[in-house]
Amino acid sequence: MKALRWVVGTIGEVLITLGVLLLLFVAWQLWWTDVTANREQAVAIQTLERGFTHDSIPPDPTATQGPAATPDPLATLKNVPFGEAFAIVRIPRFGAGYARPVLQGTDHPTLGKGVGHYVGTAMPGVVGNFATAGHRTTYGKPYADIDKLRTGDFIVIETKSNYIVYAVQRHVIVTPDHVEVIAPVPQHPGATPTEAWMTMTACNPKFSAQQRYVVFSKLMRIFTRAGGLPASFMAVPPGAVG
Amino acid sequence: MYGPLWRLLPGRRPVKALLSLILAAGVVVLCFLWVFPAIAPLMPFNDNTIQSGSPSSDPTTMAP
């Protein structure tokens, strides 16, 4: 009888311990990943900004050749290594201070550090589809408010050489296997691109991975870093989140 | 399992209680810094990209 009591008691303690550990995991996932990711991403933004201002004049003499009038963002954004941050995304709708690093790749560790760029899709500002993924919840949730974006909202991509401004056109909600949303012509796989688009993908609904909320934006303007970005593109729209 | 642990801890009751708290805090730190980050990628709700076929961290599985 005493042995039975000990066995039942121990099983109870083990179950309670597992329950507490599960609650701890939920707290870590929903709260702590935001704390650490927000801190790391803020540091990454500072590092990127410092790098951009230091290297604003391309050290590579070949980069300055060719037609001087047309900014060529591709020139400085070739062969970005997997996992490396190469741009900053700013979205006035998400608040005046909203800035997140954009990194090459969309695997789990990369998306924990900011917005991920789908490998093989176009780089910002060029013809094709600059396709990105971001967390809707947890890990700093860069695309938490993706459903608040409205037609005409500006998405500003800051690179070493340029400010690239996209304007939101439309959105769709799809299951995760709809790869045509990141096709060179969004939703038209196989078509030859003639325009520059940007795709943003995030989980939908919040706290679920059942669907993807997908926003398509079209290239509006490209500004050189030297010329600067007109303030109107960073104006916070009425009813913005931040 | 906690009974023997309590008896194993040295000192009187307040000392035992304090040591238990420190041990519990140690477990939380261990989980937050190493255990949870290691198991998080295995959770189905952490897949949030568009990809063809079964979910995989291999970027080559994604369509153009």
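**View 1. The buried residues of helix α1(A) are Trp28(A), Thr33(A), Ala37(A), Gln41(A), Ala44(A) and Leu48(A).** Here a residue is buried if 20 or more other C-beta atoms lie within 10 Å of its own, exposed if 12 or fewer, and partly exposed in between, with C-beta atoms placed from the backbone. Helices (H or I, at least four residues) and strands (E, at least two) are DSSP runs, numbered from the N terminus. This is a predicted model, in which local features need pLDDT of at least 70 and side-chain atom pairs count only at pLDDT 80 or more, while totals for chains, interfaces and linings use all residues.

**View 2. Two helices, α1(A) and α2(B), each carry a kink.** In α1(A) the kink is about 40° and is centred on Trp28(A), one of the buried residues of that helix. The kink in α2(B) is about 45°, centred on Cys31(B). The bend at a residue is the angle between axes fitted to the seven residues ending there and the seven starting there. With 53 residues, α1(A) should span 78 Å at 1.5 Å a residue, and its end C-alpha atoms are 74 Å apart, which agrees. The expected span is 1.5 Å times one less than the number of residues. Helix α2(B), residues 13–39, has 27 residues and reaches 36 Å from its first C-alpha to its last, close to the expected 39 Å.

**View 3. Chain B has two helices and zero strands.** Of the 64 residues of this chain, 9% count as buried. Its helix α2(B) is hardly covered, with one buried residue among its 27.

**View 4. Chain A meets chain B through 34 residues of chain A and 22 residues of chain B.** On the chain A side, α1 (2–54), α3 (108–111) and β7 (196–204) each supply at least two residues. The largest share of that side, nine residues, comes from α1(A). The residues on the chain A side divide into 19 nonpolar, ten polar and five charged. Ala, Val, Leu, Ile, Met, Phe, Trp, Tyr, Cys and Pro count as nonpolar, Asp, Glu, Lys and Arg as charged, and the others, Gly among them, as polar.

**View 5. Strand β1(A), residues 85–90, is largely enclosed by the rest of the structure, because six of its six residues are buried.** Two strands pair if DSSP finds at least two bridges between them. Four bridges join β1(A) to β2(A), residues 100–104, in an antiparallel arrangement. Strand β1(A) also pairs in the antiparallel sense with β5(A), residues 154–158, over three bridges. Look for Ile88(A), which stands opposite Pro101(A) in β2(A) and has Glu158(A) as its bridge partner in β5(A).

**View 6. Six of the six residues of β4(A) are buried, so this strand too is largely enclosed by the rest of the structure.** Strand β3(A), residues 115–117, pairs with β4(A) in the antiparallel sense over two bridges, and His117(A) stands opposite Thr132(A) in β4(A). Six bridges join β4(A) to β7(A), and these strands run parallel. Asn129(A) has Trp197(A) as its bridge partner in β7(A).

**View 7. Loops of chain A hold some backbone details worth a look.** Phe207(A) lies in the loop between β7 and β8 of chain A. Its phi is near 65°, a positive value in a residue other than glycine, and with 11 C-beta neighbours inside 10 Å Phe207(A) counts as exposed. Tyr139(A), in the loop between β4 (128–133) and β5 of chain A, has a positive phi near 50°. With 24 C-beta neighbours inside 10 Å, Tyr139(A) counts as buried.

**View 8. Residues 59–69 of chain A have pLDDT under 50.** pLDDT is the predictor's confidence in each residue, from 0 to 100. For this stretch the model has five contacts beyond four places in sequence. Where pLDDT is low, the predicted coordinates should not be read in detail. For chain A the mean pLDDT is 90, and 90% of the residues reach 70 or more.

Definitions and conventions
Residues are numbered from 1 along each chain as its sequence is written. Chains are lettered from A and ligands numbered from 1 in the order in which they are written. Two residues are in contact if their C-beta atoms, placed from the backbone, lie within 7 Å.
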